[in-house]
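Here is a quick tour for someone meeting this protein for the first time. Take a look at the sequence and the model, and then we'll walk through some charged pairs, a helix and the pockets.

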Amino acid sequence: MPFRHKGQSAMELRQLRYFLAVGEASSFTKAAAQLRVAQPALSRQVKNLENEIGVHLLRRGPRGVALTREGQVFLEEIRELLKGAEASVKKVRALARGENGELHVGYVATPTAEILAPALAMYRKAMPQVKVLLSDLSCDELIVGLQNATLELAIILEPTGEQAAGIEFELLWTYSLCVAVSAAHPFSRLKSVTLEKAAAEPLIGFRRKGYSEYYRSFDRVFAHLRTKPRIAVECDSASSLITEVEAGHGIALVSTIFHLVAGKRLRYRALVGTPEVRSVGIARAAKGEVTPAGEKFCEILRRTASLGRRDGSCPKRPILTGSKTT
C-alpha cells in the first residue's frame, strides 16, 4: 500500500513496518526473525525507504544498528501512523460485519409497542457498538424516509396502492381490529360490535395527511355497507385519539395492540363482520442499501416476533369484558 509523504515520495506500509521492527529491535537479524522474512530482503526494503526520503535513519555497525537522530523522530511518527492504520482497518472490518456504525430505523409507535423494545434490547446486547437512531413517524413519513434514504429500515403497517411502489415489505405479524370506546359508551356493555353498529357512530380517526394507509384500510372495512361512517375528529397522534375517545366524542377502530398504549383509559370490543387485519413488518427501499448492521436488526426482529408467536404474547387479543352480546 503506497504512502504519500509531504515530499511526494512514495512509500509502502510494508517498508514502514520493516523499519519499525528494525528500529525497536536494534537488529536486522532479530527483526527478520520477528517478521518472518529473509534478512537480505528486510535490509533491502529499509535501504529503499531511506533512499525514498533521502535521509539516513540507521547507523549500521558490526554489533547491530542504531537509530540516527532523524531515525528516532521518524520511528515515533510511524509508530503512531501504523497504530492509526491498524485501528482504521479494525473499524472498517467491524463495519463490514455490522458491528459498528449508525443504524437509522423509523417506526410507527402503536403497532410496534409489543416488539420494538425487546428487539432493541436484544440488538444492543448483541451489537453494542452500533448506534441505533429511532424516528417515530407516520406511515407516510416513513415511506418518504425510505425513499430518500434518510431511513435504512422502517417497522410499519403494510403499505398498499401507490405507497407500495419501490418498497419491499416483510410481514412479521398481524393484529385484528377492535372498537375502542369510553367507559360510559353503551358499547362498553357489549361483548362485540358489528360493522353496522360501528358505522352508525361518529368515528375518531387519524389525520388523512400522514396516515393515508389508515384510510385505505378504513375504506376496505366498510366497503360493502350502504351507510358510510362519519369521521367526527381527525387526530395527529395516538395520545390525542385516546383523549377524544375518552371524552366521549366518538369511537375508534384500532388494532388489538392499542390497549398497550391506551391502557385502562378505554374499553375494547371485538369488531364483527370484517376479515381486515393490520399487518406489521419490516419495510425497506427496493433499490436501497441495507448494511450488515441493518440485516442483523432484521434478523432480531424476526426472532422476537417468532418468540412472541410461540409463547402466545404476539399478537395480543382485545381485552373483552361484560356478558352481553351484540
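## Salt bridges

Glu213, Arg216, Arg220 and Glu276 are joined in a network of salt bridges (a salt bridge being a side-chain nitrogen of Lys or Arg within 4 Å of a carboxyl oxygen of Asp or Glu). The structure has 14 salt bridges. A word on ground rules: this is a predicted model, where local features need pLDDT of at least 70 and side-chain atom pairs count only at pLDDT 80 or more, while totals for chains, interfaces and linings use all residues. Residues are numbered from 1 along each chain as its sequence is written, and side-chain values use heavy atoms, with hydrogens and water left out.

Arg79 pairs up with Glu76, their closest N and O atoms 2.8 Å apart. These two sit three residues apart in helix α4 (residues 69-96), so about one helical turn separates them. (Helices are DSSP runs of H or I with at least four residues, strands are E runs of at least two, and both are numbered from the N terminus.) Then there's Arg208 with Glu234, where the closest N and O atoms are 3.5 Å apart. Arg208 is in the loop between β10 (202-206) and α8, and Glu234 is in strand β11 (residues 230-235), so this pair ties together parts that are 26 residues apart in sequence.

## Helix α6

What is buried in helix α6? In this helix (residues 139-147), Cys139, Asp140, Leu142, Ile143, Gly145 and Leu146 are buried, with buried meaning under 20% relative accessible area, exposed over 50% and partly exposed in between (1.4 Å probe, protein chains only). Those buried residues pack against β5, β6, β7, β8, α8 and β14, where contact means heavy atoms within 4.5 Å. After α6 comes Ala149, with a positive phi near 70°.

## The pockets

The largest pocket has a volume of about 340 Å³. Its lining counts 21 residues, and Val108, Thr110, Pro111, Phe206 and Tyr211 lie nearest its centre. β12 gives the most to this lining, with three residues.

On a 1 Å grid over the protein atoms alone, a pocket is an open set of points where a 1.4 Å probe fits, with protein on both sides within 12 Å along at least five of seven lines; lining residues have an atom within 4 Å of a point. Points are joined across faces, edges and corners, and a volume is the space filled by probe spheres set on them.

The second largest pocket has a volume of about 150 Å³. Among the residues lining it are Leu146, Ala149, Arg284 and Glu289.
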